[in-house]
Structures are given as C-alpha cells and as structure tokens.
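Today I am opening a new page in my notebook and going through one structure step by step. Here is what I am looking at.

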Amino acid sequence: MNQKIARFLTEQRPATPCLVLDLDVVEKNYDALAQALPEARIYYAVKANPAPHILKLLNRLGSSFDCASVQEINMVLAAGANPADISYGNTIKKQSDIARAYRLGVRLYAFDSIGELDKIAAAAPGARVFCRILTSGEGAEWPLSLKFGCSPEMAKDLLLQAAGKGVVPFGVSFHVGSQQRDPGQWHHALATTAQLFRDLEAEGVELKMVNLGGGFATRYRNDIPSTEAYGHAIFEALRTHFGNRIPETIVEPGRSMVGNAGVIETEVVLIAQKGGEDDRRWVYLDVGKFGGLAETMDEAIQYTIECVDANNQGYTGKPERVILAGPSCDSADVLYEKADYRLPADLEIGDRLRILATGAYTTTYASIGFNGFPPLEEHYI
Ligand SMILES: *Cc1c(COP(=O)(O)O)cnc(C)c1O
C-alpha cells in the first residue's frame, strides 16, 4: 500500500467510494518507460485517466498524447499541450470530428479501413496517417483484437492508396492487447510490421513510423514483467526485424502510466448469506461495475483488495471466501464470484476496504447516475 495515499486516507477520511491517486507514481512510471525505451516517443493514452492533474503533469514531463475524441483533444490542449504532440488514434471517427481536430491543429491520424481513410483525406488534407494492423491479442488479460486493425495485406493496399488521396502514408500501428503480460508479443507484431515496411518500399512508399501501442501491464494479483523487460524485448524485436534501419517509434501507454498510482477506498454496505448449499458470504461494497470497476467484467481484471489497517483494527477472524458485489440494482453488478477472494470472518458492515491499482480505466467508466449513485469521487495528491 502506497504510504502517501494511506496517510491521506487516514488523515482526511474522505467520503467513499473514492479514488485517491498519487501523482508522484505517475511521474515515476513515465520516467521508467522513458528510460526503458529511450528512442520511443511516449503518447499517453488519455482514455486511461484524463484527469487534468495527470495531463498537466505528463505535459510538463514532455509526453505527447493519444486521443480518441475531440473532447479528449480539448482536454489535452487545455492542459497546455501542443497540437503537434497529439495523435488522433481512434480508428472510428466522425468526419465532422476529424475536421474539428484538424482545425485545432492535429496532424496525425489512425485508420484501418478505406472508409476511414477517405474521411481523413476529405477532412484533414496533408495530414500524416498510420494504418493499424490486427494482432492476436494472445496473452492479454483485456484483449482488443478484432474490433481494431486490418490484415497486413489490406494495410499495404490502403497505405499505397493514401498518397493518391492527398494524405501522407506515415506508418503502421498495432496494439498487442491491454494488460499484456508477455513482452514477446511485440516480436510477432513487429515481424509483420517490418514485412509491411519492405513491401511498401518495393512499391516506392517509404514509411517512417511504427506505433508500438500500449499494453504494458500494471501489477494486480499476478506478477508482471518489469518496465526494463518490456523495453528490452521491444528493442530486441526492432533490431531483429528492422536491422540497423529502425524507424521512428512511438508508444501509447495508458494503464501502465496511471494504474498503480491509484487506490479506491470503499465501504462495506452489507454482508449477507443466502442459505442453501453455498455458504459463502456476499460482501456488497459501495462501488461496483457501474461505479468504476467495469474491468471486472468476466472477472478479467482482478484487483488486490485489502482491509483497512487490518492489524490495528484487529481482525482476528480467519480469511474466508467471499463473493464481492456492487451496490446497484442490476444483477450484472457482481465483481468476483469465481475468483478466489478472501476476507476476514469478522469483517463488518461499515468497515472500509481498499482496492489497489485502480488508477486506470475507473473514473471515466463510472456511470453518471445509475440508481442515483454519483460518479466516483477523485482526489489527486
Ligand atoms: C487503449 C489504447 C491504448 C492504451 O492501452 P493500455 O493497454 O492501457 O496501455 C493505446 N493505444 C490505443 C490506440 C488504445 O486504444
């Protein structure tokens, strides 16, 4: 447990549920990645947590930004960023939004289909474009495959067409899947990418940039590779596939930049049993799937959950298996039923719990008022 956050929670005792995020950890994460991949430019994936405090800090540290909407672009500009440091990385954009981004000065756009390429060509003449290719998403705990990207053959065809449409065929992107704990996955994607670079060069188009995506993991219940291990694996893969002609590279970390910087404190609203065979206790919290913990869908992301001050509060009961659920009136609002979660037998209604590494993909996933519950409170310290 992060000491700065623990102190804040003890001293301030903010209303729950709330996220408390330590900005020093974000700075450490940024520095570690910059050091592990010194040649790559970092484009923070804003969707992971768009809080102004985070955007301002990262802008000060020299980060660029990957945005998915005009609203995110505006937030990044409001934090002081230069439009030249923004990538409009969503492959699904309205043409009117592309035009708005272009007017705001954004000149780098993603696409993965002819329909999207045509929209960019119409609304952002002269812009640089990169084509996203499909990856398997294998090994990722929160895969993104299939919805985004196209086959390498199609990417080749589209990038060849781009120049004729008045935009600059600039590069190739991929995303190996979020919470990707296998750094070897970049090896496969880069093999495909390098082949694409060669195929296009043979046709007279020289690509300049590889967008290595996000996917760097945050530590939840399982161990993860170090930032250096990711950097090493990626650099080796670049060397293997591009030899001494490594192109410009960018990375788009979201989760790994902010995940471990945040803790959600929550209160136990009810502890109940159902009778019958299964005697596990149901522990209902004041935060659930609609309060920000959407990534518990299919129990994909398994957060570490701790009792507050377990020792001082003197829990003496033995840890027993529980089912964890949120407070809303939707039966989908169960957090963990299959995964093995244990809490002390003497945990009581009104006690507080801490859900660790919840700085990414929580605040913006919280509903604006399902069942009247307000969005997740946020404290940046
Ligand atoms: C979500 C997203 C990211 C960030 O992914 P993480 O796994 O959180 O690092 C990066 N790039 C694109 C295009 C994304 O959609």
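This is a predicted model: local features need pLDDT of at least 70, side-chain atom pairs count only at pLDDT 80 or more; totals for chains, interfaces and linings use all residues.

Entry 1: I began with the classes of residue around the second largest pocket. Its lining has 13 nonpolar residues, nine polar ones and one charged one. That makes 23 lining residues in the count I looked up. Which of them lie nearest the centre of the pocket? I found Asn29, Thr218, Arg219, Ile224 and Asn260 there. The space in this pocket comes to about 430 Å³.

**Entry 2: who supplies the lining.** The most comes from α2, which gives three residues.

**Entry 3: the two domains.** I then looked up how the protein chain is divided. Domain 1 covers 23-258, and domain 2 covers 259-380. Their C-alpha centres are 33 Å apart. For the contact between them, I wrote down 23 residues of domain 1 and 23 residues of domain 2. Why does the second largest pocket lie between the domains? Both domain 1 and domain 2 give residues to its lining, so the pocket sits between them.

**Entry 4: back to α2.** The crossing of α2 and α3 is right-handed. On the α2 side, the contact is made by Leu23, Val26, Glu27 and Tyr30. On the α3 side, I listed His53, Ile54, Leu57, Leu58, Arg60 and Leu61. Sorted by class, this contact has seven nonpolar residues, one polar and two charged.

Entry 5: My last stop was the loop between α1 (3-12) and β1 (18-21), where proline 17 lies. Is the peptide bond from threonine 16 to proline 17 cis or trans? I found it to be cis, with omega near -5°. Arginine 13 is also in the loop between α1 and β1. This arginine 13 is not a glycine, yet its phi is positive, at about 40°. I marked both because most residues other than glycine have a negative phi, and most peptide bonds are trans.

Methods. Residues are numbered from 1 along each chain as its sequence is written. Side-chain values use heavy atoms; hydrogens and water are left out. On a 1 Å grid over the protein atoms alone, a cavity is a set of points where a 1.4 Å probe fits but cannot get out, and a pocket is an open set with protein on both sides within 12 Å along at least five of seven lines; lining residues have an atom within 4 Å of a point. Grid points are joined across faces, edges and corners, and a volume is the space filled by probe spheres set on the points. Helices (H or I, at least four residues) and strands (E, at least two) are DSSP runs, numbered from the N terminus. Ala, Val, Leu, Ile, Met, Phe, Trp, Tyr, Cys and Pro count as nonpolar, Asp, Glu, Lys and Arg as charged, and the others, Gly among them, as polar. Domain bounds come from an automatic or database domain assignment. A crossing is left-handed if the near helix is turned anticlockwise from the far one by less than a right angle, and right-handed if clockwise. Contact means heavy atoms within 4.5 Å.
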